[in-house]
Amino acid sequence: MVAPPNFEEGQSIYKPPRFNGQYYGWWKTRIYDFIMAEDSELWDVIYDGPYVPTKKVGEPTVMVPKTRKEYNDAVRKAVEKNFRAKFFLVCGIGPDEYNRISACQSSKEIWDALQTAHEGTTQVKQSKIDMLTIEYELLKWRNHSEEQAREESS
């Protein structure tokens with residue numbers, strides 16, 4: 001993992017690491033560590049999605065989201081986890097990256113949007129792996145051919 005050239009030692013343990021659009025892998029590891037150190041349940045919300053409180057209504061029974069007035073203290077704390085996670089992610093990105101995620105409603109949507117933008121989808125990643133594998137096999141074949149040619153000319 002490559003660190004940015006302007007990396008400064010002793011960065012704040014109170015502010016999330018800042019992502020400016022470069023060195024995504026480096027930032028991703030650092031923001032994960034920062035969030036886990038703050039509250040591991042925040043990472044669960046980012047990875048799995050926010051808690052949405054629901055209630056049963058009607059016949060046949062249908063689950064619908066509760067209104068904010070129906071929240072008790074436990075539900076309110078669970079819902080607030082998404083907003084804390086969003087806060088850390090948004091505070092950890094620059095203005096260009098903010099434009100990319102400004103329409104996202106949950107911390108999971110933000111994380112997924114950043115990950116897709118900077119790492120690609122699973123399909124894109126697999127395509128890159130396939131291309132690199134082909135390049136590697138071609139390089140091995142060329143080296144083997146060159147070795148054979150040298151042996152034959154000796």
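Is Arg100 buried, partly exposed or exposed, and what is its relative accessible area? In this predicted model, Arg100 is partly exposed, with a relative accessible area of 43%. Its side chain forms a salt bridge with Glu97, in which the closest N and O atoms are 3.1 Å apart. Both residues belong to helix H4 (residues 95–101), and because they are 3 residues apart, about one helical turn separates them.

Side chains of opposite charge can pair when their charged atoms come close. The count of salt bridges in the model comes to 9. One of them pairs Lys28 with Glu119, with a distance of 3.1 Å between the closest N and O atoms. Lys28 is part of helix H1 and Glu119 of helix H5, so this pair ties together parts that lie 91 residues apart in sequence. Lys28 is partly exposed at 22% relative accessibility, and Glu119 is likewise partly exposed at 22%. A further salt bridge links Glu41 to Lys81, the closest N and O atoms being 3.2 Å apart. Since Glu41 lies in helix H2 (residues 40–48) and Lys81 in helix H3 (residues 73–91), the pair ties together parts 40 residues apart in sequence. Glu41 is partly exposed, at 44% relative accessibility, whereas Lys81 is buried, at 17%.

Charge is also found on the surface, where Glu146, Glu147, Glu151 and Glu152 gather in a patch of negative charge. Of these residues, Glu151 is located in helix H6 (residues 122–153) and is exposed, with a relative accessible area of 60%. Helix H6 also contains Leu138, which counts as partly exposed at 39% relative accessibility. Leu138 and Lys108 are separated by 30 residues in sequence and by 40 Å in space, C-alpha to C-alpha.

Ser107 counts as buried, at 0% relative accessibility. Beyond its neighbours within four places in sequence, Ser107 is in contact with Val45, Ile46, Asn82, Ala85, Lys86 and Leu89.

Two features of the backbone remain to be described. Most residues other than glycine have a negative phi, and most peptide bonds are trans. Tyr23, however, has a positive phi, near 60°. This residue lies in the segment before helix H1 (24–38) and is partly exposed, with a relative accessible area of 30%. A cis peptide bond, with omega of about 5°, joins Glu59 and Pro60. Pro60 is situated in the loop between strand E1 (54–57) and strand E2 (62–65).

Key. Residues are numbered from 1 along each chain as its sequence is written. This is a predicted model: local features need pLDDT of at least 70, side-chain atom pairs count only at pLDDT 80 or more; totals for chains, interfaces and linings use all residues. Side-chain values use heavy atoms; hydrogens and water are left out. Buried means under 20% relative accessible area, exposed over 50%, partly exposed in between (1.4 Å probe, protein chains only). Contact means heavy atoms within 4.5 Å. Patches are made of residues with over 30% relative accessible area and no salt bridge: like charges are joined within 9 Å, nonpolar side chains (Val, Leu, Ile, Met, Phe, Trp, Tyr) within 5 Å. Accessible areas come from the Shrake-Rupley method with a 1.4 Å probe; for residues, only the protein chains shown count as cover. A salt bridge is a side-chain nitrogen of Lys or Arg within 4 Å of a carboxyl oxygen of Asp or Glu. Lys and Arg count as positive and Asp and Glu as negative; His and the chain ends are not counted. The place of a charge is taken as NZ of Lys, CZ of Arg, CG of Asp or CD of Glu. Helices (H or I, at least four residues) and strands (E, at least two) are DSSP runs, numbered from the N terminus.
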